[in-house]
Amino acid sequence: MLENMVTARHYEERLQEEYLEGKQPAFDISAGPIPGELHLAAGHEASGAGVCQHLRDDDTVTGPHRPHHVAIAKGVDLKRMTAEIFGRETGLCKGKGGHMHLFDPDVNFSASGIIAEGCPPAVGAALASKKRNEDSVAVAFLGEGAIDQGGFLESLNLASVHDLPVIFVVEDNDWAISMPKGRVTDVENGAQRADGFDMPGHRVDHDDATAVYEAAGEAVGRARDGNGPTLLEVQVHRRMGHFMGDAEAYRPDTDTERAQHLDSIDRLEADLRATGADEGTIEEIRSRAKERVEDAIEWAKEQPEPDPEEAYEDVFTNPPDGYAETLRGGE
Amino acid sequence: MAASDGKELTMSRAMVDAIAHEMRESDDVFVMGEDIADYGGIFDSTQGLLDEFDRDRIMDVPISETAFLGAAVGAAQSGMRPIAELMFVDFFGVAMDQIYNQMAKNTYMSGGSVSVPMVLMTAVGGTYNDAAQHSQTLYGTFAHLPGMKVVVPSTAYDAKGLMHAAIRDDDPVVFMFHKRLMGIGWMPAPEGPKTAVPDEDYTVEFGEADVKREGDDVTVVTLGLHVHRAIEAAEDLADEVDVEVVDLRSLVPLDTETIVESVSKTGRLVVVDEDYRSFGVSGEIIARAAENGLSDLTAVERVTMPDTPIPYARPLEQEVNPGTDDIIEAVRSVNDE
Ligand SMILES: Cc1ncc(C[n+]2csc(CCOP(=O)(O)OP(=O)(O)O)c2C)c(N)n1
């Protein structure tokens, strides 16, 4: 669990560096080696690691729009994910998806940039598992800003009435871009949303990875045993802006400092030390994580960019005869 | 009102000026959307409004598009004049019923007894590698569904005039602005959208296309960002071909007359559209030109997004997004015919 968290944190820090290259001094979103928006999840690691620790490759995860920490914990290929973020041909999606839209069917991971819209497909994966009498489960990750969305609430209901093996994990970082949680919902505990759907709802405070691990264990167990869905809300902290380049003028400095100060990784390390883990083991985990991240970034940067002609491929799995020409605007 | 009066403004500033003016004139005008208050709109479309108006009139809302876009419909039907923003046009899917069944149709289905005087404002367009869920233009989708007026400014002058007209209009107006034209620091705009804008209020009437550059040989009909790419192409070709650039400014209503007049002069038509190729703006313009001036037409081409989702990687997005070079090539090709 710690290794996944440390890997994710280091990964985000390195991506931030790479992203800002070429965008300085004046920030231009389309410049540099990584263009487009980049949403980093530093401070969210406890939820991805604590939950995915219980998952197998055949379990499905739909990620949030800041998906890297969940992807890493689910076992998504780090090199190919990185190549995707750099827009390379050997990326997970051949450079067509980018960082918000990572698809790795080998470990049943996918993500969407549309808020809460990963929930219905997770319900669908759970439905498929139930119909086939399998014991795989599905997990949908979303932010607390997404719990007002119809797609989420409708998914809770569908999952509940059909007792589907799905877990909804809400990452509560207090902010939806510039909107603090208090201004968009009247419930402090998002897990209360579960009450209206007759499913268990559980909230874990203080970025506590161990507590997430325990709560998720129960939820995943319930789902695997055919006892239906669970809603889990996990307190996390947004250590950075909503996206890179966000000046966060709307956010009080004290809040940013609080987020920097409350850290799930520090907490977990302290817990491990308290239960007897020695410094050497923790250090080893850290250096292994760093090496893995550096390898992935180095590898990704060496990969070729896609051939422009690739743009016309993959619109369909089964393209009608001669369709590529039509797409291009030819005959 | 001349386009040359007044001080130079970015397109976003011009839009905000119009909104602020209308809000001062009437308490019925208010704005709601995600990140429009403290943030001022991700693309600066409401920048600074919270300094002058309170949170009841510059309302941040939860991420719940069905609810808040539908609430705008309800408030409009109750006689208010809401301006609702959804930051990217790509996100409309989650609330499409409120848009195309409620907002757009209630006037008709009520036999005209109900009106929906609201503005639905949203950002369109790619060019910065944000992939298929954040880069679409979708002009055609909104213009295709009856009951909504659809406007697309390409300059600060037009943006202000269209915004005044949109807020005053008794019908629902979809106001689609291209991110790349807004003049935001982190997304540099081309030369052109920043124009002189009069201080006082004025309207740009819907259904009046604007000839942004006159020419005798080839007509290029376009809108939004691609007006500027077309003008650039025309300047590059100036020694070779005399290109007329028609900026549609509104899709519903569509100014068929200006298109036909231009085509009957040049005989050659190129339509440039950042939206998907099939079943959209480009096909519509060509159909209108053919219906009304077939005998004048000697050559037609369209330069559009192909019918593919918009890819992320730079070489792929550049391949599909119609560039100045593509326009030059198309103009040359119709000119040679
Ligand atoms: C349907 C939809 N509406 C709006 C957006 C724009 N948007 C992207 S992220 C975001 C905030 C999400 O907040 P939250 O769910 O709390 O996740 P966090 O960013 O805090 O991780 C918004 C409004 C979107 N992508 N999709």
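A: In this predicted model, B:Asp60 and A:Arg183 join their side chains in a salt bridge across the two chains, with an N to O distance of 3.4 Å. In general, side chains of opposite charge can pair when their charged atoms come close. The rule finds two salt bridges across the interface of chain B and chain A. The interface of chain B and chain A also holds 16 residue pairs in polar contact, both residues being at pLDDT 80 or more.

On chain B, the side that touches chain A draws at least two residues from each of β4 (81-88) and α11 (314-320). The largest share of that side of chain B comes from α11(B), which supplies five residues. Sorted by class, the side of chain B that touches chain A comprises 23 nonpolar, seven polar and 13 charged residues.

The extent of the interface may be stated in residues and in area. In residues, 43 of chain B are in contact with 50 of chain A. In area, about 3700 Å² is buried between chain B and chain A, and carbon and sulfur atoms give 60% of that.

To the contact between them, domain 1 of chain B gives 32 residues and domain 2 of chain B gives 25 residues. The area buried between domain 1 and domain 2 of chain B is about 2200 Å², with 58% of it from carbon and sulfur atoms.

Between domain 1 and domain 2 of chain B, the count of salt bridges is two. B:Lys212 forms a salt bridge with B:Asp158, in which the closest N and O atoms are 2.7 Å apart. The count of residue pairs in polar contact between domain 1 and domain 2 of chain B is 18, both residues being at pLDDT 80 or more. On the side of domain 1 of chain B that touches domain 2 of chain B, α6 (139-144), β6 (149-151) and α7 (156-168) of chain B each supply at least two residues. Of these, α6(B) gives the most to that side of domain 1, with four residues. By class, the side of domain 1 of chain B that touches domain 2 of chain B has 15 nonpolar, 13 polar and four charged residues.

Strands β1 (residues 60-63) and β4 (residues 138-143) of chain A run parallel and are joined by three bridges. A:Thr62 stands opposite A:Ala140 in β4(A).

The sheet of chain A also carries a charged pair. The side chains of A:Glu233 and A:Arg203 meet in a salt bridge with an N to O distance of 2.5 Å. This pair links distant parts of the chain, with A:Glu233 in strand β9 (residues 230-235) of chain A and A:Arg203 in strand β8 of chain A, 30 residues apart. Over all chains, a search of the whole structure finds 51 salt bridges.

Two features of the backbone complete the account. Most residues other than glycine have a negative phi, and most peptide bonds are trans. The peptide bond from B:Val252 to B:Pro253 is cis, with omega near 0°. B:Pro253 lies in the loop between β12 (250-252) and α9 (256-266) of chain B. In chain A, A:Asp174 has a positive phi of about 80° although it is not a glycine. A:Asp174 lies in the loop between β5 (166-172) and β6 (175-176) of chain A.

Notes: Residues are numbered from 1 along each chain as its sequence is written. Chains are lettered from A and ligands numbered from 1 in the order in which they are written. This is a predicted model: local features need pLDDT of at least 70, side-chain atom pairs count only at pLDDT 80 or more; totals for chains, interfaces and linings use all residues. Side-chain values use heavy atoms; hydrogens and water are left out. Contact means heavy atoms within 4.5 Å. Buried area is the accessible area (1.4 Å probe) that two parts lose on being put together, summed over both. A salt bridge is a side-chain nitrogen of Lys or Arg within 4 Å of a carboxyl oxygen of Asp or Glu. A polar contact is a pair of N or O atoms within 3.5 Å; within protein, one must be able to donate a hydrogen and the other to accept it, and residues adjacent in sequence count only if both atoms are side-chain atoms. Ala, Val, Leu, Ile, Met, Phe, Trp, Tyr, Cys and Pro count as nonpolar, Asp, Glu, Lys and Arg as charged, and the others, Gly among them, as polar. Two strands pair if DSSP finds at least two bridges between them.
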